[in-house]
Amino acid sequence: MFTELNSILNASPDSITQGEFILISDRHSDASFLIHHFLSFYLRARCKVCFLGLVQSFNHYHAVSQRLGVSLLQAREKGQLVFLEGLSESLSVLIPQESSTGSQALDFLRNPAVGLKSLYEFVRSSLNGSDGAEEWGPPVLLVDDLSVLQSLGVSVGAVLDFSHYCRAAVCSQLKGNVVMLTRCDGREEEDDGDDEGSERLLKGLTHQCSLTLHVQGLPTGYCRDIHGQVEVCWRRRHDVGQYTLKKLFQYKVHDKGASFFAPGTSSAVL
């Protein structure tokens with residue numbers, strides 16, 4: 001958990017905002033450090049967390065979280081964390097074993113055209129109600145990363161439907177939060193006219209979310225002391241329209257966290 005980022009977002013594990021859909025994206029950079037931040041943040045806030053880890057193993061996320069002072073192993077044993085390991089689950093679907101007891105969440109791998117209903121049902125059942133002796137706070141869904149589904153043959157429309165239903169179930173019905181990461185390859189204009197491009201996915205997700213954090217490299221190129229910049233955009237709906245506030249911060253990632261520096265630009269639009 002990065003305390004400087006908490007200050008920027010005006011957030012604290014002791015008092016979290018409910019009903020938020022947070023979108024993390026990156027271009028020519030790696031925004032995965034923000035997934036680790038929100039994972040440790042919500043576990044510290046005692047939220048019930050469903051984490052769809054589609055790109056790394058549980059051991060990888062556990063090792064990083066330990067450096068941030070959180071044990072995923074303990075959270076999973078207590079029932080606070082439900083973790084779907086996409087790598088191993090994919091193998092159990094594509095190369096089924098007689099003794100396999102894996103979930104059906106990734107059934108779409110057999111036929112991407114069927115959509116992501118099974119994955120949505122996994123999320124909903126994981127966050128509905130309490131299955132242990134302890135009572136947890138608001139439910140949270142984390143996805144790392146959503147664009148992997150697109151690379152596995154799922155259409156952009158199906159991915160956007162999945163995010164829409166997750167937002168309706170988690171944010172609206174359960175009063176929890178959703179955090180999703182997606183990646184953009186290449187420049188913005190490269191996907192123009194491509195209905196299945198990463199830019200269409202990013203634009204669709206942006207329309208759904210209330211907060212975006214977009215990570216990108218420095219326009220001046222490599223710098224040893226600064227790893228990149230993060231554009232933070234708050235979106236709030238009012239009676240007269242939507243209010244948008246953007247701020248740009250530079251950052252540096254280190255072993256036990258990240259440092260954020262004063263914003264380069266700030267703008268507000270109504």
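Predicted model: local features only at pLDDT ≥ 70, side-chain atom pairs only at ≥ 80, totals over all residues.
## The α8/α9 pair

α8 passes α9 in a right-handed crossing. Residues are numbered from 1 along each chain as its sequence is written, and side-chain values use heavy atoms, leaving out hydrogens and water.

The axes of α8 and α9 (residues 198-208) come within 10 Å and cross at roughly 20 degrees. Axes here are lines fitted to C-alpha atoms over the stretch in contact, with angles from 0 to 180 degrees between N-to-C directions. α8 and α9 therefore count as roughly parallel (under 35 degrees; over 145 is roughly antiparallel, 65 to 115 roughly perpendicular, the rest oblique). From α8 come V156, G157, V159, L160, S163, H164 and R167. They meet R200, L201, G204, L205 and Q208 of α9. Contact means heavy atoms within 4.5 Å. The residues of this contact divide into five nonpolar, five polar and two charged. Ala, Val, Leu, Ile, Met, Phe, Trp, Tyr, Cys and Pro count as nonpolar, Asp, Glu, Lys and Arg as charged, and the others, Gly among them, as polar.

## α9 is largely enclosed

Eight of the 11 residues of α9 are buried, so the helix is largely enclosed by the rest of the structure. Buried means under 20% relative accessible area, exposed over 50%, and partly exposed in between (1.4 Å probe, protein chains only). The buried set in α9 is S198, E199, L201, L202, G204, L205, T206 and Q208.

## The α6/α8 pair

α6 also packs against α8. The angle is about 15 degrees, and the axes are 10 Å apart. That makes α6 roughly parallel to α8. The crossing of α6 past α8 is right-handed. On the α6 side, the contact uses L119, Y120, V123 and L127. On the α8 side, it uses F162, Y165, C166, A169 and V170. By class, this contact has nine nonpolar residues, no polar ones and no charged ones.

Helix α6 spans residues 117-127, and its buried residues are L119, Y120, F122, V123, S126 and L127. They cover an arc of only 155 degrees around the axis, which puts them on the same side of α6. The arc is taken from the directions from the helix axis to the C-beta atoms. On the other side, K117 and S125 are exposed. The cover over the buried residues includes β2 (47-53), β3 (81-85), β4 (137-144), α7 (147-151) and α8 (156-173).

The loop between α5 (86-94) and α6 holds Q104. At 47% relative accessibility, Q104 counts as partly exposed. Beyond residues up to four places away in sequence, Q104 touches R110 and S118. Its C-alpha atom is separated by 8.7 Å from that of E89, 15 residues apart along the chain.

T182 sits in strand β5 (residues 177-184). At 0% relative accessibility, T182 is buried. Leaving aside neighbours within four places in sequence, T182 is in contact with L23, I24, S25, D26, D145, S147, L201, L202 and L205. D145, one of these partners, lies in the loop between β4 and α7. A cis peptide bond joins D144 and D145, with omega about -15 degrees.

## Positive phi in two loops

H28 is not a glycine, yet its phi is positive, at about 55 degrees. H28 lies in the loop between β1 (21-27) and α2 (32-44). With a relative accessible area of 62%, H28 is exposed.

K175 is not a glycine either, and its phi is about 60 degrees. K175 is found in the loop between α8 and β5. At 48% relative accessibility, K175 counts as partly exposed.

## The chain overall

The protein chain has nine helices and 10 strands. These are DSSP runs, numbered from the N terminus: helices are H or I with at least four residues, strands E with at least two. Of its 270 residues, 50% count as buried. Among contacts with a separation of 6 or more, residues 24 or more positions apart account for 67%.

How values were computed. Left-handed = near helix turned anticlockwise from the far one by under 90°.
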